[in-house]
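Morning, everyone. I have one structure to show today. Let me put it up.

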Amino acid sequence: MMATAGSATEAKAEAVPEMTFAEVLRANQSMVFSLAYHFLRDPGAAEEVAQDVFLRLHGKINELEDAKHVTFWLRKVTSHRSIDYARKRGSQATVSLEDIAEPSADEPHGDPLLNRRLRHLIAALPEKARMVMVLRYQEDLMPEEISELLDMPVRTVKSHLQRSLGMLREKIDRSMGDIR
Amino acid sequence: MEDFEQQLRNALARKHQPPSFEAKVFAAVAARRSGRSIFWRWAAEAAAVLVIAGGFWVRHTGDVRERAAGEDAKARLQVALRITVTELSKIQKTVRTSTEDE
């Protein structure tokens, strides 16, 4: 995904500003907001993180080579910024997850109750494991791509996925019956 | 397993950002830009004040130096005049003495 230093310089010289900041914002705002929201489970915090990410992008947009590079950069910065936000917030989050109104979403598939329960369980995962799950199932990324975004060995990503899936299945099976 | 993974995809489907999100981002970008322009305006004004103050200082030190040189020249002239007066008095005395002798 990332070019080497030499080729990056060449690519930058050849880069054509295909997309303006407004176009990038419109095309990616849902992705950035959702990554932060599914990780933080707080619409206000997610909006704050997403705004900060786009502000950073505004100062950097000329350095990014193409739409693919922009998406990679946005996912990476949003993931790290969300983890930092959660760490700073620490145990300050006093609002119960059940009390928070969910932002609107197109939920054409699945049982809304089960979806809500799954989101609740994912929110209880440790930070890194939670971000791995969000990137895997919101963005449909492969472990190799997640490893690049989170600067984490592929083996660790796979292990997070396996452990989280096992734990979620067990809890869902216990509380809502077998969904298989 | 695939069904369960599909359930996870459903649960983690992308959400819509609040309707005001885009406007807020543009406002934040504009605020940052104007913050920068305020900084540069302040920096330009500070630089102008420094240049003017520097000019005044250079002019002031030039004036002081000129005044000192003038005072020095005046003092030298006074010394020269005093010497001249003394010498002329001596000459006058000599002339008077010689006239009286005759």
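First, a caution. This is a predicted model. Chain A averages a pLDDT of 83. In chain A, 76% of the residues score at least 70. Where pLDDT is low, the predicted coordinates should not be read in detail. Please keep that in mind for the start of the chain.

Now the fold. How many helices and strands are there in chain A? There are 8 helices and 0 strands. Along the sequence, the pattern is α-α-α-α-α-α-α-α. Chain A has 180 residues, and 31% of them count as buried. Look also at the contacts in chain A with a separation of 6 or more: 68% of these join residues 24 or more positions apart.

On to packing. Start with helix 2 and helix 3 of chain A. Their axes come within 8 Å and cross at roughly 140°. The crossing is right-handed. From helix 2 of chain A, the contact residues include A:F21, A:L25, A:F33 and A:Y37. Helix 3 of chain A answers with residues including A:P43, A:V49, A:F54 and A:L57. The residues of this contact divide into 16 nonpolar, 2 polar and 1 charged.

Helix 3 of chain A also packs on helix 4 of chain A, residues 67-89. The angle here is about 135°, and the axes are 10 Å apart. The two helices are therefore oblique to each other. This crossing, too, is right-handed. Helix 3 of chain A contributes A:A45, A:V49, A:D52, A:V53, A:R56 and A:L57. On helix 4 of chain A, the contact residues include A:L74, A:V77, A:R81 and A:Y85. Notice A:V49 and A:L57. They sit in the contact with helix 2 and in the contact with helix 4.

Next, the partner chain. On chain A, 31 residues are in contact with 21 residues of chain B. Which elements of chain A give two or more residues to that side? They are helix 2, helix 3, helix 5 and helix 6 of chain A. Helix 2 of chain A gives the most, with 8 residues. By type, the chain A side divides into 14 nonpolar, 11 polar and 6 charged.

Take A:V132, in helix 6 of chain A. Is A:V132 buried or exposed? Its C-beta has 28 other C-beta atoms within 10 Å, so A:V132 is buried. Beyond its neighbours within four places in sequence, A:V132 is in contact with A:I146, A:V157, A:H160 and A:L161. A:S164 is 32 residues away in sequence, yet 9.3 Å away in space, C-alpha to C-alpha.

Now two loop residues. Most residues other than glycine have a negative phi. A:D140 has a positive one, near 60°. A:D140 lies in the loop between helix 6 and helix 7 of chain A. With 10 other C-beta atoms within 10 Å, A:D140 is exposed. A:D151 also has a positive phi, about 50°. A:D151 sits in the loop between helix 7 and helix 8 of chain A. A:D151 is exposed, with 9 other C-beta atoms within 10 Å.

That's it from me. Questions, please.

Key
Residues are numbered from 1 along each chain as its sequence is written. Chains are lettered from A and ligands numbered from 1 in the order in which they are written. This is a predicted model: local features need pLDDT of at least 70, side-chain atom pairs count only at pLDDT 80 or more; totals for chains, interfaces and linings use all residues. Axes are lines fitted to C-alpha atoms, for helices over the stretch in contact, and angles run from 0 to 180 degrees between N-to-C directions. Helices (H or I, at least four residues) and strands (E, at least two) are DSSP runs, numbered from the N terminus. Angles under 35 degrees count as roughly parallel, over 145 as roughly antiparallel, 65 to 115 as roughly perpendicular and the rest as oblique. A crossing is left-handed if the near helix is turned anticlockwise from the far one by less than a right angle, and right-handed if clockwise. Two residues are in contact if their C-beta atoms, placed from the backbone, lie within 7 Å. Ala, Val, Leu, Ile, Met, Phe, Trp, Tyr, Cys and Pro count as nonpolar, Asp, Glu, Lys and Arg as charged, and the others, Gly among them, as polar. A residue is buried if 20 or more other C-beta atoms lie within 10 Å of its own, exposed if 12 or fewer, and partly exposed in between; C-beta atoms are placed from the backbone. pLDDT is the predictor's confidence in each residue, from 0 to 100.
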